[in-house]
Amino acid sequence: MSSFMSYTIFGLFSGAAYAIAASGLVLTYTTTRVFNIAHGAFGMVLSFVFWDFSVRQGLPLWLSLVLVLGVVAPLIGWFLQRFVVRGMGEGPVSVSLVVTVGLLVFCIGLATYVWPPEARSVPPFMPTSGIQLGDTYVTAHQIITILSSVVVAVLLYLLLTRTRIGTAMRASVDNPELLKLFGGRPDRVAALSWAIGISLAALSGILLVSVVGLDYYALTLLVVNAYAAAMLGRLKSLPLTFLGAMALGLLTSYSAGYLPPDGWLNDLRNVIAPLFLFLVIVAMPQAQLRVGQVKGIVSAPLPSLGKALGWGAALLIFTALLTGNLSTANLLLVGTAATYAMVMLSLVLLTGYGGHVSLAQFTFAGVGALAYAKLDEPNLYGLLVSALIAAGVGALVALPVLRLTGLYLALSTLAFAVLMDKLVFQADFAFGFNGTLQARRLSILGTSITSTGGYVLVMTVFLVLMSLFLLFLRRGVLGRVLIAMRDSPAACGTLGLDMRWFRVALFGLSAGMAGLAGGLFAGLRGTIGANDFQFFQSLPLLLLAVVFGVTSVTGATLGGIGLMLLPVLQSNYPSLAGLMLVIIGFGAVLLARDPNGLANLMFKIGRFLEARFAPQLLAKLPVLPGRGSILDEVDEDPLDASFDHNQEVPAHVAP
Amino acid sequence: MSLLEVDDVVVQFGGVTAVNHASFVAESGRVTGLIGPNGAGKTTCFNVISGLQKPTRGHVRFDGKGINHTPVHRRAKRGIGRTFQRLEAFGSLTVRDNVRVAYDIHRGVAGMVRPAAANIDALLERVGISQYAQERADSIPTGTARLLELARCLASEPKLLLLDEPSSGLDESETEAFGALLQDLAREGRGVLMVEHDMDLVMSVCDVIHVLDFGEVISSGEPADVRADKRVQNAYLGYSDDADADHTRTDLEAVHDTTLIPAVEAQA
């Protein structure tokens with residue numbers, strides 16, 4: 001009985017902390033329509049700040065608390081609203097998702113840079129006090145936390161119902177434009193919500209840190225619990241959010257206490273929150289199609305077929321020359337870059353063309369790799385089956401949420417990624433806990449490719465083929481319909497398109513591409529494990545894809561190289577490891593509004609150079625072997641004639 | 001049996017009743033007008049018919065079958081096509097590709113059958129926007145974009161066309177040609193239901209007119225009858241007494257920008 005009591009108290013304690021975080025999330029989302037994926041990450045950074053004030057600099061506890069909650073956190077919130085997320089709520093949801101994922105990675109990078117890993121701890125509040133409740137000892141910290149959540153609930157209620165600005169907040173939930181017409185100032189309302197929201201994230205982080213520990217990732221991921229609670233309130237209702245948080249806290253605590261210590265039920269205790277999140281999302285009601293176009297969509301550049309073939313051949317020749325002169329370690333890096341580039345290609349299809357954000361793309365690659373290793377059929381057939389399995393899993397993730405819109409789809413991929421990471425990949429039937437699996441290299445038509453150089457070349461061939469396949473899709477019916485769906489879902493619906501199944505198919509296709517990359521990667525490495533496909537890796541993947549250009553094949557290739565270089569640079573310059581994540585996060589925040597990314601900049605430079613120098617150059621060199629004649633291409637290609645009028649035709653587009 | 005029957009439909013947004021027990025029908029082979037002052041609930045009716053808005057109560061029947069629980073895309077497959085008051089053209093595609101997408105969707109994306117180019121061109125020709133075929137849809141004038149939406153809608157071969165203010169943005173001669181086109185489209189057997197503010201157009205092309213005010217159908221009938229109806233004049237003028245007609249006229253032209261007034265006065 002006493003153990004039941006203590007589990008209950010612990011559940012209420014953690015539920016209270018989740019409730020505080022979740023209410024901040026709901027507040028910022030309802031007033032600005034930006035769902036802050038980085039909510040927990042800010043809580044994490046601010047917990048570090050709190051540690052810095054109170055432990056490292058030795059300020060009194062109350063002063064550190066006041067400084068963090070009353071000054072630093074609100075300032076950050078105000079700054080974010082003013083300079084980062086303002087106006088983003090009306091744009092495509094993919095942009096605000098990418099920006100807040102950027103903020104998340106930024107926060108993790110910042111924390112690692114400013115406070116490099118070392119043993120730190122924040123003591124609980126009033127560590128020596130507590131009360132005896134029957135046979136159960138309740139610490140003062142637990143009581144303080146539960147009381148804080150009650151105070152937060154009451155204060156939020158009073159703010160929203162009894163004050164002018166609170167009324168303006170509720171009004172801006174309904175219609176910020178109208179609020180403006182009536183003399184309200186939606187921007188000020190939004191800034192205040194963000195200030196309060198980040199403060200609440202900080203409070204929740206500080207309350208939890210004595211239990212969870214000062215860890216970059218653990219605190220950041222605790223936000224999944226807050227997401228889950230907020231979803232129960234459908235991102236609107238604060239009372240339901242509190243209820244959800246408490247239920248989740250108790251559920252987590254009881255499952256920690258009562259689930260059997262072995263078997264798959266044991267693993268379940270680590271994934272209560274993502275499971276809860278997933279189920280709540282599945283239970284959400286059908287979204288209605290909204291009339292009103294989404295503004296600010298930039299269409300992806302599209303190279304002519306001949307040009308794409310030419311650059312594909314160039315990339316192959318370049319890789320072939322490269323593989324002859326590289327050490328095995330460097331060859332592995334090139335192969336890794338090709339893998340990342342292929343996974344990013346799957347994002348080009350899903351995010352760049354389709355406008356959906358997936359936070360689990362690397363997990364799909366993991367599924368492909370797992371299937372490839374388990375099947376032990378190192379040939380094209382085995383690779384294809386692995387890709388199909390990954391595609392099926394991708395479709396299964398999208399299936400339950402096919403009625404819902406972008407944000408929920410993205411969050412369900414996040415829940416799925418965490419589930420796979422903690423529940424499936426580490427299970428005995430998969431890689432095993434900290435375990436690995438052997439995978440043999442692919443053999444094509446009976447010829448086994450044993451040399452690493454040859455294998456890397458084969459991977460490049462796959463990369464080029466995938467790129468061409470994507471460009472082919474983009475030119476055809478699928479490409480046009482995808483653009484139409486982004487431009488006006490309502491019009492697509494009234495023309496008779498069943499977008500739900502279309503979305504599932506798109507997700508499946510994209511996951512299949514990632515799975516194929518994963519299978520090839522398994523063959524390249526020979527030994528793979530759960531650590532190769534951790535959930536967090538999908539985030540820099542998404543960000544780098546956006547930074548380099550998620551709408552083009554070129555962007556994916558460059559992004560793949562960038563992502564491959566990231567850990568190399570990080571291990572060469574360990575002191576700057578955090579800073580690199582900061583730069584990636586910052587870059588994503590800057591560039592998310594233009595998904596054409598850096599690749600587009602290259603295209604512009606290419607076009608400029610071509611216009612400037614190509615005529616003279618061509619006069620001197622009438623034939624450019626391997627690339628075709630650059631200038632005549634557009635007119636010669638029959639496929640192009642009907643498609644390219646509205647597209648930018650970049651001069652230099654590498655596949 | 002009418003092609004479309006809207007039966008006692010109510011739509012409430014919170015405390016606001018946008019459509020209040022509205023009932024009206026639209027027939028095949030005829031142009032039906034749905035008019036009323038701004039905010040009368042016309043577009044909401046269109047949203048209910050095309051499935052973008054669930055009615056609070058009431059029924060919509062199409063081709064004799066209730067479609068209350070039919071999702072948007074399936075209503076389209078059954079033959080309800082629409083255009084939008086606030087444009088919903090696919091801005092980053094060309095005019096031609098806008099229509100091509102509609103064909104793709106209509107024929108089933110899985111089929112991947114390419115429509116004969118002639119079909120698309122014929123449609124563009126028919127609504128009179130061939131010269132814009134290669135332009136991006138977000139770069140063409142509003143009136144042209146409305147015609148594009150009509151062409152796109154026609155590509156899905158609807159039995160019923162819902163046109164939401166199709167003529168706004170067109171000049172006088174274009175409007176005239178558009179009126180003739182509408183009558184042709186109806187004569188070929190389609191039902192046309194049109195929300196429109198240009199009363200000259202409405203009065204000249206519609207076979208039947210329904211007038212909505214504050215969500216209620218206050219008058220139905222042939223153009224001449226509707227024009228003479230005191231309640232209609234009331235709805236548009238604010239009061240039926242024409243003692244102060246001059247004053248009313250300036251007010252209304254400023255607010256509604258409608259040409260109903262001269263017509264009404266001509267009658268009165």
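View 1. Where they meet, 22 residues of domain 1 of chain A are in contact with 27 residues of domain 2 of chain A (contact: C-beta atoms, placed from the backbone, within 7 Å). On the domain 1 side, helix α4 (residues 93-114) of chain A supplies the largest share, 17 residues. Helices (H or I, at least four residues) and strands (E, at least two) are DSSP runs, numbered from the N terminus. That side of domain 1 consists of 18 nonpolar residues, 4 polar and no charged; Ala, Val, Leu, Ile, Met, Phe, Trp, Tyr, Cys and Pro count as nonpolar, Asp, Glu, Lys and Arg as charged, and the others, Gly among them, as polar.

Residues are numbered from 1 along each chain as its sequence is written, and chains are lettered from A and ligands numbered from 1 in the order in which they are written. As the model is predicted, local features need pLDDT of at least 70 and side-chain atom pairs count only at pLDDT 80 or more, while totals for chains, interfaces and linings use all residues.

**View 2. The mixed sheet of chain B.** Six strands form an open sheet in the order β6-β7-β8-β3-β9-β10, with mixed pairing; strands count as paired if DSSP finds at least two bridges between them. Because β6 (80-82) and β10 (216-221) of chain B each have a single partner strand, they stand at the edges, with one side of each left without a neighbour in the sheet. Neighbouring strands are turned by 20° against each other on average, direction ignored. Axes are lines fitted to C-alpha atoms, for helices over the stretch in contact, and angles run from 0 to 180 degrees between N-to-C directions. Strand β9 (residues 208-213) of chain B pairs with β10(B) in the antiparallel sense over 5 bridges, and V211(B) is opposite S219(B) in β10(B).

View 3. Two bridges join strand β4 (residues 57-62) of chain B to β5(B) in the antiparallel sense, with F62(B) opposite K65(B).

**View 4. Two loop residues of chain A with positive phi.** Most residues other than glycine have a negative phi. L235(A), not a glycine, has a positive phi of about 60°; it lies in the loop between α10 (223-232) and α11 (238-258) of chain A. D376(A), in the loop between α16 (361-375) and α17 (380-398) of chain A, has a positive phi near 55°. L235(A) is buried, with 20 other C-beta atoms within 10 Å, whereas D376(A) counts as exposed, with 11 C-beta neighbours inside 10 Å. A residue is buried if 20 or more other C-beta atoms lie within 10 Å of its own, exposed if 12 or fewer, and partly exposed in between, with C-beta atoms placed from the backbone.

Conventions: Two residues are in contact if their C-beta atoms, placed from the backbone, lie within 7 Å.
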